[in-house]
Amino acid sequence: MLLVNPPLVVPSEAPAGLAKLAGALNGHGLAYQLWDANLEGLNYLFARAIPAGDNWSRRAVRNRDANLARLRSPAGYDRGYKLRVSDLNRLLKLAAPEHNLTLADYRDPRLTPVRSADLLAAAECWAANPFMPFLAERLDALIEARQPRMVGLSVNYLSQALTAFALAGLLRQRWPQVRLVMGGGLITSWCSRAGFANPFGGLIDELVAGPGEKRLLELAGLS
């Protein structure tokens, strides 16, 4: 079983839902792997940023490693915090100039996560997502190494939805035999709407609303 935290969410806020799912799986001795695709995807974009001709871009690239190291320690949250975050956001702009990316949000210029047709389009055209050149290769390696029977995508915010569906589209294309489940806060809010009917049945095997521990254990063969 592979449980995934897809981009994009604030990387300093670990997803509590996945930790609870991991605890439930640990308690029953079930094998699984957690994948923080959000953090890995951001690091991929930081690394591929190339300086433009302005001083801000040159400074952001020059200080990239120092800023990341500083923000990974309590010392990074001093008076220079806003400048460091601003410089990292500049790296994201340099790495994917056609997209609207910051450390806290991802917006596609063509697709919106509030339309099911756009989410399905994100799945169909998954390679257009700025994270996917890296995430596709990484997912290949994880699937080949772990051979999971099920992949769970935890989607809590609208800023994650387009990339989550891009991952779903890739998974369906390359590994149609793998069961694909999607849960999290955003999925719960969708499912709670009056008259909601799952429009993603051909893509997602199951949408899980609310706490997912019980259903995850059922899907793993435990009652």
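Trainee: How does the lining of the second largest pocket divide by class?
Mentor: By class, that lining has 15 nonpolar, four polar and three charged residues, where Ala, Val, Leu, Ile, Met, Phe, Trp, Tyr, Cys and Pro count as nonpolar, Asp, Glu, Lys and Arg as charged, and the others, Gly among them, as polar. Please keep in mind that this is a predicted model, in which local features need pLDDT of at least 70 and side-chain atom pairs count only at pLDDT 80 or more, while totals for chains, interfaces and linings use all residues. Residues are numbered from 1 along each chain as its sequence is written, and side-chain values use heavy atoms, with hydrogens and water left out.

Trainee: Which residues lie nearest the centre of that second largest pocket?
Mentor: P11, S12, L71, Y77 and L103 do, out of 22 lining residues. The elements that give two or more residues to this lining are α2 (37–48), α4 (64–71) and α5 (81–95), helices being DSSP runs of H or I with at least four residues and strands runs of E with at least two, numbered from the N terminus. The most comes from α2, with four residues.

Trainee: And what counts as a pocket here?
Mentor: On a 1 Å grid over the protein atoms alone, a pocket is an open set of points with protein on both sides within 12 Å along at least five of seven lines, a cavity is a set where a 1.4 Å probe fits but cannot get out, and lining residues have an atom within 4 Å of a point.

Trainee: OK, then which residues lie nearest the centre of the largest pocket?
Mentor: Those are G17, L18, S154, N156 and G184, among 35 lining residues. Helix α1 gives the largest share of the lining, five residues, and by class the lining divides into 19 nonpolar, twelve polar and four charged residues.

Trainee: Switching to α2, which of its residues are buried?
Mentor: A37, N38, G41, L42, Y44, L45 and F46 are the buried ones, buried meaning under 20% relative accessible area with a 1.4 Å probe and protein chains only, whereas exposed means over 50% and partly exposed lies in between. These buried residues pack against β1 (2–4), β2 (33–35), α4, α5, β3 (100–102) and α7 (132–146).

Trainee: You mention α4, so is N67 buried or exposed?
Mentor: N67, which lies in helix α4, is buried, because its relative accessible area is 8%. Leaving out residues up to four places away in sequence, N67 touches R84, D87 and L88, a contact being heavy atoms within 4.5 Å.

Trainee: What about cavities, how many are found?
Mentor: A search of the whole structure finds two cavities of 30 Å³ or more. Lining the largest are Y106, D108, R110, L111, A122, C125, W126, A128, N129, L162 and A166, which divide into eight nonpolar, one polar and two charged residues.

Trainee: And what lines the second largest cavity?
Mentor: Its lining is made of W35, L139, V151, L153, L167, A168, L171 and L180, and by class that gives eight nonpolar, no polar and no charged residues. Both β5 (150–154) and α8 (158–174) supply at least two residues each, with α8 giving the largest share, three.

Trainee: Which other residues does W35 touch?
Mentor: Not counting residues up to four places away in sequence, W35 touches L2, L3, V4, N5, E40, L135, R138, L139, L142 and L167.

Note on methods. Grid points are joined across faces, edges and corners, and a volume is the space filled by probe spheres set on the points.
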